[in-house]
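Here is a short briefing on salt bridges and helices in one model. Read it with the structure open.

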Amino acid sequence: MAVQLRRPILVGGIALSFGLWLLPTLHQSVAEWGEVGLLGAIALGTGVWLFNQGGSRLVELSPPSSPLDRGTVERAIQEAESAIARLETEVENPYISTSLRQQVCQLTAQLERQNLELLITGGKGVGKSRLAQVLASKGLSEQFPTVSLQETTALSAGDRTQDLIPNLDLILFVITSDLTDSEFQLLHHLKSLNQRILLIFNKQDQYLPPERVIVLQQLRQRLVQLLPPEDIVAIAASPTPVKVRQHQSDGSVKEWLEEQPADVTALTQRLNLILTEDAQQLIWGTTLRAAVSLKAEAKTALNQARRDRALPLIEQYQWITAATAFANPVPALDLLATAAISSQLVIELAGIYQQKFSLSQAQSAAKTLSSLMVKLGLVELSTQTIGSILKSNAFTYIAGGAVQGVSAAYLTRLAGLSLIEYFQEQEITQQTATDQPLNLERLKEKLQTVFQQNQRMGFLAGFVQQAVRRLRLNSCPKVSV
């Protein structure tokens, strides 16, 4: 089956590889060039035009810490609009784009709202319902008529809180002792969303006075990086009744349990101050989270569409690599053809994700991926595993070339999938980004993750079988330009 190749680097690399194979007299002089000279020949002969392409970059907006300003929130809304516009440009799905467009149009109006949404949450038995009743009896709704107070069961760090409670302005997080690890993780998750929180140590009456002080101090010290000390308060929403003993005139003793008034002074004072002075900050924070959430939703939809376009491309290149490595009897020249293929794959994947790479960047990325694979031991491990699969099946008639070809295809697939995962994290912009250096540590992490995901024996066995079938049908690659 002929493969139509209209990519200059790929065509030049494979042509140069096979030309060197067919013309042994040139082998010695080419070897003297070294790796840099070979890649330079590819660049000069087939890809100089890539250097003339331009673009721009966009800085990622991270949710900032309080205090916010309106300009920051408006920029976040603009970034959400930009992400949605890019989605509309690349993906034909009116339902998704229309829904997101309607939501983003509402964000500017939300900046002007006056009502506030408060939530009481926490684990079982911490006194959430009783606290809601006490706050209502203290006249919270009368003093702040635009405040709405609701209650929910305990959340978890895995919840998409901004989707679960989209208009949440302030969380009253109730506990009854020192923090558990899950509670700490949830607080950290909420703060990463720039969520305003009051941590409420309830049922303090169940501790001796010195113990109450110690628990409160421990909470404030442990959470010093997450919450200001004044946002951690101790209360007793439903104090334990006190036993009262009264001696009667006839010498008898009368006993009864006397209910105690709720002790929520520290909380109501802090709430009054926040609702009076920081109401605008709460609204801005909620609007910012909504904008970031919409942007993330648009990015997820866009990345899925781009991934759908990228996967067939990776599959095409992995089989080209397999056929080239299998047909080429000179191991040193396999590296040349593979470098050309990998560089072209980097450029095309970057183009799908609007992260335009120059030729030199693509070559550097391909070389970096190859180097990482060697350093991480992925090349040796993959080759050994694929070799063992081939030996255990009826593929031995092409065992030598098959190991080389299948391994090349598999490693090309790993490189492509790693680049997909890496590019998906990059910023969405209406313009094509360029001159973006690779984050080597992040790329290394993606490569390791992808390798682990694709190292299952069942997947590898199926991949080897598919590769061998293709190698049988194409004992050498047929290239037409």
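Glu421 and Arg307 form a salt bridge, with their closest N and O atoms 3.0 Å apart; the term means a side-chain nitrogen of Lys or Arg within 4 Å of a carboxyl oxygen of Asp or Glu. Glu421 lies in helix α15 (residues 399-424) and Arg307 in helix α11, so the pair ties together parts that are 114 residues apart in sequence. The model is predicted: local features need pLDDT of at least 70, side-chain atom pairs count only at pLDDT 80 or more, and totals for chains, interfaces and linings use all residues. Residues are numbered from 1 along each chain as its sequence is written, and side-chain values use heavy atoms, with hydrogens and water left out.

**Exposure of the first pair**

- Glu421 counts as partly exposed, at 22% relative accessibility.
- Arg307 is also partly exposed, with a relative accessible area of 22%.
- The classes are buried (under 20% relative accessible area), exposed (over 50%) and partly exposed (in between), with a 1.4 Å probe and protein chains only.

**Other salt bridges**

- The whole structure holds 17 salt bridges.
- Arg306 meets Glu90 at 2.7 Å, N to O. Arg306 lies in helix α11 (residues 279-327) and Glu90 in helix α3 (residues 70-90), so this contact links parts 216 residues apart in sequence.
- Both Arg306 and Glu90 are buried.
- A network of salt bridges links Arg86, Glu90, Arg306 and Arg309.
- Asp231 pairs with Arg196 at 3.3 Å, N to O. Asp231 sits in the loop between α9 (209-222) and β6 (232-234), and Arg196 in strand β5 (residues 196-201), so the pair ties together parts that are 35 residues apart in sequence.
- Asp231 counts as buried because its relative accessibility is 1%.

- Helices (H or I, at least four residues) and strands (E, at least two) are DSSP runs, numbered from the N terminus.
- The expected span of a helix is 1.5 Å times one less than its number of residues.
- Helix α13 (residues 359-375) has 17 residues and reaches 24 Å from first to last C-alpha, close to the 24 Å expected.
- Buried residues of α13 include Leu359, Ala362, Ala366, Leu369 and Met373.
- Gly377 follows α13 and has a positive phi, near 80°.
- Helix α14 (residues 378-391) has 14 residues and should span 20 Å; its end C-alpha atoms are 20 Å apart, which agrees.
- Among the buried residues of α14 are Leu378, Ser382, Thr385 and Ile389.
- An α-helix has 3.6 residues a turn, so residues three or four places apart point the same way.
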